[in-house]
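Trainee: I would like to learn how to read individual features in a structural model. Please take me through them in turn.

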Amino acid sequence: QLLGNQDHIRAELEKLKQTYDSQQQKLEDRVIVMGKELQEAKAAIGDTQCKLVEQSAVLLTSQSQLQEVEAENSQLQLRLKQLNEEYRSRLAQYIKDVADYMDSKSSNMAGPSKAPTDHAHMKRFVDSMLKDIRASYKSREEQLAGAARGYKKRMKNLVKKHENLLIAYRLQREQIRSLGSSATDCGPAELHFSITDPELLTNTTRELNRLREDKARLEMQLHELQKVVAGLLAFCGGGTGGQQLDEEGWAEVRKQLREFTRTTQEDLEQERSQLLTRAVMAEEQVSELQEYIDKHLAR
């Protein structure tokens with residue numbers, strides 16, 4: 001039967017060959033189309049990267065210009081304050097000179113019959129007016145200084161609340177990692193939500209941000225090592241035994257990491273609380289000294 005069906009077998013093989021050739025031609029056409037699409041995508045990505053580089057350069061230039069403008073603005077504000085002080089002093093001196101001149105003219109014109117109680121009436125009026133002006137300026141300056149101190153205090157309270165939220169967020173991420181598997185998404189690192197404004201950063205906050213950067217880098221390295229070790233364990237152990245060994249090994253690693261993180265974090269939290277206490281005491285002393293200077297040493 002096999003020898004008798006050779007013609008049928010040859011026909012079937014020819015059909016299979018033709019089908020294979022047609023499928024191969026379709027795949028080659030598809031590969032060519034995908035290659036063209038890939039080249040277009042690469043070109044689009046290159047254009048996008050060029051645009052991003054240009055925008056980054058423009059952004060850096062704008063940031064540098066903004067810093068220069070802010071520095072120039074602060075200098076101009078300081079110069080304006082100095083000019084205002086000079087203008088106020090010169091204006092006060094001009095008014096005093098005018099008052100003295102008017103009083104001297106009035107006394108010369110009145111003669112000896114003029115009553116002595118009316119002498120220097122303009123000078124008293126000008127002195128009273130200048131006293132009221134100085135009092136109003138001093139009240140306004142004290143009001144602005146109080147508003148600035150209140151604003152700084154509110155910003156410090158907000159920074160403290162933000163730090164407490166970051167600590168709670170970190171503890172929540174650690175709890176999720178301890179309960180779930182290594183593949184569980186715990187959200188971005190707390191470094192992603194750290195404050196970057198230089199005006200709000202203290203030495204303690206800068207040190208904490210540096211520690212958060214180190215922690216984020218170590219977490220990324222640990223994640224990469226977990227992938228490598230998981231692949232090696234799966235390759236060497238094989239089957240259920242390798243998977244069980246992988247889970248047991250990672251459970252031990254997670255336990256050690258949690259212990260290390262807990263002890264390190266306790267030390268850091270204790271050091272941070274001590275530094276915050278010292279900073280608050282120093283700020284209170286500075287505030288008391290500034291208040292003493294404003295009240296008793298201004299003149």
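Trainee: Which residue lies over the face of Tyr137?

Mentor: A charge counts as sitting over a ring if NZ of Lys or CZ of Arg is within 6 Å of the ring centre and within 35 degrees of the ring normal. Here Arg88 lies over the face of Tyr137, 3.8 Å from the ring centre. This is a predicted model, in which local features need pLDDT of at least 70 and side-chain atom pairs count only at pLDDT 80 or more, while totals for chains, interfaces and linings use all residues. Residues are numbered from 1 along each chain as its sequence is written, and side-chain values use heavy atoms, with hydrogens and water left out.

Trainee: How many helices and strands does the chain have?

Mentor: Helices (H or I, at least four residues) and strands (E, at least two) are DSSP runs, numbered from the N terminus. The chain has four helices and zero strands, in the order α-α-α-α.

Trainee: What does UniProt list as "coiled-coil region"?

Mentor: Such annotations may be inferred rather than shown by experiment. The unreviewed UniProt entry lists residues 59-93 and 201-228. In the model, the span 59-93 is 100% helix, and its end C-alpha atoms lie 50 Å apart.

Trainee: Is Met102 buried, partly exposed or exposed?

Mentor: Buried means under 20% relative accessible area, exposed over 50%, and partly exposed in between (1.4 Å probe, protein chains only). Met102, in helix 1, has a relative accessible area of 40%, so Met102 is partly exposed. Of the 299 residues of the chain, 11% count as buried.
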